[in-house]
Amino acid sequence: MSRTSYIFTSESVSEGHPDKVADRISDTVVDAFLAADPYARVACETLVTTNRIILAGEVRGPEGVIDSLEDKVRAAVKDIGYEQEGFHWANASYDCYLHAQSADIAMGVDAAGNKDEGAGDQGIMFGYATNETPELMPATLQYSHNILKVLADARHSGAAPELEPDAKSQVTLVYENGKPVRAASIVLSTQHRDGLTPADIAKIVKPYILQVLPESFVTAETEWHINPTGNFVIGGPDGDTGLTGRKIIVDTYGGAAPHGGGAFSGKDPTKVDRSAAYACRYLAKNVVAAGLADSCVIQIGYAIGVAKPLSFYVNLGANAQVDPEKLEALLPELVGGCTPRAIREHLGLNRPIYARTAAYGHFGRTAEADGGFSWEKTDLVEALKGAF
């Protein structure tokens, strides 16, 4: 039986979290190749640890791009804000082990003769939307992202110079009748300059957190946990190794919806782990924005080298206004059958728009003029309303 009253939690991590540093670097590599050739192929994994950056993976693109990567990678780390003894954008050692893409994989993906471009791998991809927030995202995750983003903005602007790049947030909300009504607990751990106590940090960060949450959500019963370990001076890749693709739930829906298991960062848009997940979000968001349901889950399944999806599934939850089977027939056709090529072309994914996705979620963002976050557009709403 579906529950309408419960407590739910989601977490987020900042741009300076070691795994997010790795994601940012991997997506910087993707952008570098797509800027040189919109049809380049990239599968880049990054490892960061104490004063060390290591790239590995497979690429296919113009000669010379690999030679230009070090400056771009160091600039990305500098932009995050790492100028620490244990991890410094200028001093960290850099090793690149990118090599040519497998010819066998390329053969399965490339279009040839009567064969359309196939999926870059087998797999299942999910998309989700809910009307809990204006961004049509789960409230627990959206508020967790927003807390870290406003703190990062304060750090970058100089308004909160005591804060350092690495941080994690976690928001637990009480739901009544299926809607969030108040905060049960708020957790924030942020790296900081030496000499500050948790009370000092709480005094700095609480006003920013209160800006993010609806005024009525924080009550006398809300539990606060600010830097609960007591000290967080050593952080980032110096404190913990970072790897690409380890924060896939942070990247998507905070545990409120299923996940196919594939990471996004470091992958060009022929990889359906990324592009089809974006398409699923795009379609689910338009369904909810059109008022056809309070929430929507979409799944697409693919086989490597095969263009046509193996399956297309829609779940509209308890308050559906339409038959999900009708949406299963209609939605794929709004994106050219949801083949990998159709998704890339419809959403304009062959552009260097990915480094900006590496922190604060791939979803719940604002579509940008240069094509960034194109999967957040709601340009299918009128077509969906008209169809029903």
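1. Aspartate 116 is placed in the loop between helix H3 (103-109) and strand E7; helices (H or I, at least four residues) and strands (E, at least two) are DSSP runs, numbered from the N terminus. With 28% relative accessibility, aspartate 116 counts as partly exposed, where buried means under 20% relative accessible area, exposed over 50% and partly exposed in between (1.4 Å probe, protein chains only). Its C-alpha atom is separated by 9.1 Å from that of proline 340, 224 residues apart along the chain.

2. The model is predicted: local features need pLDDT of at least 70 and side-chain atom pairs count only at pLDDT 80 or more, while totals for chains, interfaces and linings use all residues. Residues are numbered from 1 along each chain as its sequence is written, and side-chain values use heavy atoms, with hydrogens and water left out.

3. Proline 340 belongs to helix H10 (residues 340-347), in which Pro340, Ala342, Ile343, Arg344 and Leu347 are buried. These buried residues pack against H8 and E12, contact meaning heavy atoms within 4.5 Å. Glycine 348 follows H10 and has a positive phi, near 60°.

4. An open sheet of 3 strands has the order E7-E12-E13, with antiparallel pairing; two strands pair if DSSP finds at least two bridges between them. Strands E7 (123-130) and E13 (311-315) stand at the edges with a single partner strand each, so one side of each lacks a neighbour in the sheet. On average, neighbouring strands of this sheet are turned by 15° against each other, direction ignored. Axes are lines fitted to C-alpha atoms, for helices over the stretch in contact, and angles run from 0 to 180 degrees between N-to-C directions.

5. Strand E12 (residues 295-302) pairs with E13 in the antiparallel sense over 5 bridges, and valine 297 has asparagine 315 in E13 as its bridge partner. Helix H8 (residues 272-289) packs on the sheet and touches E7, E12 and E13, its direction making about 30° with that of E7. Helix H9 (residues 324-334) lies across E12 and E13, at about 135° to E13.

6. Helices H4 (residues 139-157) and H5 (residues 198-212) pack at an angle of about 135°, with axes 9 Å apart. H4 and H5 are therefore oblique to each other; angles under 35 degrees count as roughly parallel, over 145 as roughly antiparallel, 65 to 115 as roughly perpendicular and the rest as oblique. Among the residues making the contact are Tyr143 and Leu151 of H4 and Val205 and Gln211 of H5.
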